Amino acid sequence: GEFQTFQHYFKQINLSMAAYKPEKGVPVDEVTSHRIRITLTSRNLKSLEKVCTDLIMGAKQKELHVTGPVRLPNKNLKITTRKTPCGEGSKTWDRFEMKIHKRVIDLKSPSETVKQITSISIEPGVEVEVTIADS
């Protein structure tokens, strides 16, 4: 009894795997999929995260394989400067800091669909960089 159900299970697996194997002489999809990396950088964290979620939602609606958003370490740019323009007075210093946040999203899709996804309204102050790596 148990062995038969096991055999039945294996038959089911083989049937489902047959759908993924391209047989010889049968043309596979003409549209080639690319590995596409979208790099987002911004000083404003809220707008960056919003653009991230919008891109991922768009990709999920098109049923693409999405990896990310991978949060890369922030770049903290610091400038320490004297408050006074001359040299007089007590020596007071200003410490300015600018944080640059970075996110990476990886997609596996044709380049046409990526154009559709990235054409959404991108918030001001968010840099979007799209690179294609052929697999």
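**Salt bridges and surface of a predicted model**

D54 is partly exposed, with a relative accessible area of 28%, where buried means under 20% relative accessible area, exposed over 50% and partly exposed in between (1.4 Å probe, protein chains only). This is a predicted model, in which local features need pLDDT of at least 70 and side-chain atom pairs count only at pLDDT 80 or more, while totals for chains, interfaces and linings use all residues. Residues are numbered from 1 along each chain as its sequence is written, and side-chain values use heavy atoms, with hydrogens and water left out.

The side chain of D54 meets that of K50 in a salt bridge at 3.3 Å, N to O, the term standing for a side-chain nitrogen of Lys or Arg within 4 Å of a carboxyl oxygen of Asp or Glu. Both residues lie in helix α2, four residues apart, about one turn of the helix; helices (H or I, at least four residues) and strands (E, at least two) are DSSP runs, numbered from the N terminus. K50, partly exposed at 41%, also forms a salt bridge with E123 (3.7 Å, N to O), and this pair links distant parts of the chain, since E123 sits in the loop between α3 and β4, 73 residues from K50.

The count comes to six salt bridges, one of which joins E49 and R71 at 3.4 Å, N to O. E49 lies in helix α2 (residues 45-61) and R71 in strand β2 (residues 65-82), so the pair ties together parts that are 22 residues apart in sequence.

Turning to the cysteines, C52 is buried at 1% relative accessible area, whereas C86 is exposed at 51%.
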